Amino acid sequence: MATVPRLDITAVVDFVNHYSVRARRAAHDEDKGYRALDEVLGPVAQDLPPLAVGKLHALADDAYEVFVRSEHGEDVTAAVNDLLAPAGPTPRLGTDGQIAWEVTDGRAALRAALGVGLLDWVHVRGEDRLGLCQGVRCADAFADSSPAGRKKFCSAGCLNRHKVAEHRRRAAARPA
Ligand SMILES: [Zn+2]
C-alpha cells in the first residue's frame with residue numbers, strides 16, 4: 001500500500017492550473033512548457049512515483065472538470081467521484097487520530113490526493129466555493145475561501161486586468 005499525500009486546496013488549484021491543457025488553452029499559453037512536478041507541488045512531489053507529463057495533463061483536466069461544473073452551477077458529484085474512482089483510495093485511521101488514505105498502486109497516489117483534496121473541500125466548504133476566473137484571457141480554477149464567497153478572479157493580477165479592460169471599454173463607448 002502507498003500513502004496518499006495530503007494536498008491542501010491551494011496545492012490542488014496550483015496543480016490544476018499548471019497542468020490542465022484546458023485552462024492553459026484559455027490563456028493561450030499551453031505551448032509555453034510545463035515546470036517539473038516538484039516545482040509546482042513542493043516537497044510532496046518527492047514521495048510520488050514519476051508520471052509522464054501526458055498523465056499529469058489528463059489528471060489535471062479531470063480535476064479541472066470539477067471547477068467547470070461548479071462555475072456553470074452544475075452538480076460536481078460525478079466529477080469528484082470520477083476523479084476518485086480509478087485510484088480507489090482506502091481510508092485508514094492514523095496513530096495521530098487523523099484519517100489517512102492509501103492506494104494499492106502507488107502510481108494512483110496523485111490522482112487520489114487530488115480527489116481527496118476536492119472531496120474534503122466540497123464536503124466542508126461546499127461546491128459553490130469552486131469556480132473559474134472571469135479574467136481577460138484566463139480560465140484558471142480557484143477555490144474561494146473569502147468570507148463573502150463571491151470570488152470571480154483567480155488572482156489580484158486578473159482582477160486588475162479586468163478593471164483596466166472595463167475602464168477602456170467604458171471610455172471607448174463614451175461619445176467624444
Ligand atoms: Zn485569472
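Me: Which strands form a hairpin, and how many residues are between them?
Reply: Strand 2 and strand 3 form the hairpin, with 5 residues between them. In the turn, Gly 97 has a positive phi of about 85°. Strands here are DSSP runs (E, at least two residues) and helices are too (H or I, at least four), numbered from the N terminus.

Me: Before I go on, what sort of model is this?
Reply: This is a predicted model: local features need pLDDT of at least 70, side-chain atom pairs count only at pLDDT 80 or more, and totals for chains, interfaces and linings use all residues. Residues are numbered from 1 along each chain as its sequence is written.

Me: What order do the strands of the open sheet come in?
Reply: The order is 1-3-2, with 3 strands and antiparallel pairing. Strand 1 (2–3) and strand 2 are the edge strands, each pairing on one side only.

Me: Switching to helices. At what angle do helix 4 and helix 5 pack?
Reply: About 170°, with the axes 8 Å apart. The axes are lines fitted to C-alpha atoms over the stretch in contact, and angles run from 0 to 180 degrees between N-to-C directions. That makes helix 4 roughly antiparallel to helix 5, a label for angles over 145 degrees.

Me: Which residues meet there?
Reply: Asp 62, Ala 63, Glu 65, Val 66 and Arg 69 in helix 4 meet Ala 79, Val 80, Asp 82 and Leu 83 in helix 5. They divide into 5 nonpolar, no polar and 4 charged.

Me: And Gly 131, why does that count as buried?
Reply: Because Gly 131 has 23 C-beta neighbours inside 10 Å, and the cut-off for buried is 20 or more other C-beta atoms within 10 Å, with C-beta atoms placed from the backbone. Gly 131 is found in strand 4 (residues 130–132).

Me: What is Gly 131 in contact with, beyond its neighbours within four places in sequence?
Reply: Phe 67, Ser 70, Glu 71, Phe 142, Asp 144 and Lys 151. Contact means C-beta atoms, placed from the backbone, within 7 Å. Gly 131 and Lys 151 are 20 residues apart along the chain, and their C-alpha atoms are separated by 8.2 Å.

Terms used. Pairing = 2+ DSSP bridges. Buried ≥ 20, exposed ≤ 12 C-beta atoms within 10 Å, placed from the backbone. Contact = placed C-beta atoms within 7 Å. Parallel < 35°, antiparallel > 145°, perpendicular 65-115°, else oblique. Nonpolar A, V, L, I, M, F, W, Y, C, P; charged D, E, K, R; others polar.
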